[in-house]
Amino acid sequence: MALPRYRAEQFQTSGWDSGTPERKARFVNSLLRLIADDFPRERFTRALYLGLSTHGYFGFIAHYNIHGFYEEQMSTPARRAQFLHDLALDCEKDAHLDRPDLWSDVKAVLVHHLPSDREQPSSRRLPPVTAFGTRPAAARDDAPTLF
């Protein structure tokens with residue numbers, strides 16, 4: 001799959017060392033390549049990890065190191081799908097803003113390459129556990145049917 005190459009001139013400085021146009025371009029190009037290649041572990045670099053987690057621009061907060069982040073977010077097809085869904089939602093939320101300090105310019109680029117919320121396969125979501133530690137009967141698989 002041929003991916004476009006983004007250049008530093010396509011981004012604005014964020015005002016922080018972590019958000020130079022050059023770093024933003026490298027981040028976008030590396031992330032798009034990682035996604036296109038189906039998340040190979042060896043391509044998940046420290047720069048990607050820091051861009052996705054530590055700086056907080058994308059809503060992923062690192063409570064673990066680079067290896068734990070990869071394991072939690074990208075290690076299985078289901079986790080990768082959820083990661084892409086969450087990333088797309090965050091990008092869609094901020095892409096229209098004129099806030100290079102929040103990486104809205106990066107998000108505007110990424111939103112064109114990520115699946116939209118409409119493309120996310122629906123998954124069966126269970127209601128939360130009640131205060132008594134059980135799910136309401138209608139949500140349990142072993143609940144008797146009335147029909």
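The largest pocket holds about 220 Å³ of space. A pocket here is an open set of points on a 1 Å grid over the protein atoms alone, with protein on both sides within 12 Å along at least five of seven lines, and lining residues have an atom within 4 Å of a point. Grid points are joined across faces, edges and corners, and the volume is the space filled by probe spheres set on the points. Rolling a probe the size of a water molecule over the atoms shows where empty space is left.

This is a predicted model, in which local features need pLDDT of at least 70, side-chain atom pairs count only at pLDDT 80 or more, and totals for chains, interfaces and linings use all residues. Residues are numbered from 1 along each chain as its sequence is written, and side-chain values use heavy atoms, with hydrogens and water left out.

Twelve residues line the largest pocket, and Arg23, Phe27, Ala47, Leu48 and Gly51 lie nearest its centre. Helices H1 and H2 (46-54) each supply at least two residues of this lining. Sorted by class, the lining has five nonpolar, five polar and two charged residues. In this sorting, Ala, Val, Leu, Ile, Met, Phe, Trp, Tyr, Cys and Pro count as nonpolar, Asp, Glu, Lys and Arg as charged, and the others, Gly among them, as polar.

The chain as a whole has five helices and zero strands, giving the pattern α-α-α-α-α along the sequence. Helices (H or I, at least four residues) and strands (E, at least two) are DSSP runs, numbered from the N terminus. Of the 147 residues in the chain, 37% are buried. Buried means under 20% relative accessible area, exposed over 50%, and partly exposed in between, with a 1.4 Å probe and protein chains only. Among contacts (heavy atoms within 4.5 Å) between residues at least 6 apart in sequence, 50% join residues at least 24 apart.

Helix H3 (residues 66-74) and helix H4 (residues 77-94) have axes that come within 6 Å and cross at roughly 90 degrees. The axes are lines fitted to C-alpha atoms, for helices over the stretch in contact, and angles run from 0 to 180 degrees between N-to-C directions. H3 and H4 are therefore roughly perpendicular to each other, a term for angles of 65 to 115 degrees, while under 35 counts as roughly parallel, over 145 as roughly antiparallel and the rest as oblique. On the H3 side, Glu71, Glu72, Gln73 and Met74 meet Arg79, Arg80 and Phe83 of H4. The residues of this contact divide into two nonpolar, one polar and four charged.

Gln73 is in helix H3, whereas Arg80 is in helix H4. Leu87 also belongs to helix H4.

Ala36 is part of helix H1 (residues 21-36). With 33% relative accessibility, Ala36 counts as partly exposed. Ala36 and Ala2 are 34 residues apart in sequence, and their C-alpha atoms are 9.1 Å apart in space.

Conventions: 1 Å grid on protein atoms, 1.4 Å probe; cavity = no way out; pocket = protein on both sides within 12 Å on 5 of 7 lines; lining within 4 Å.
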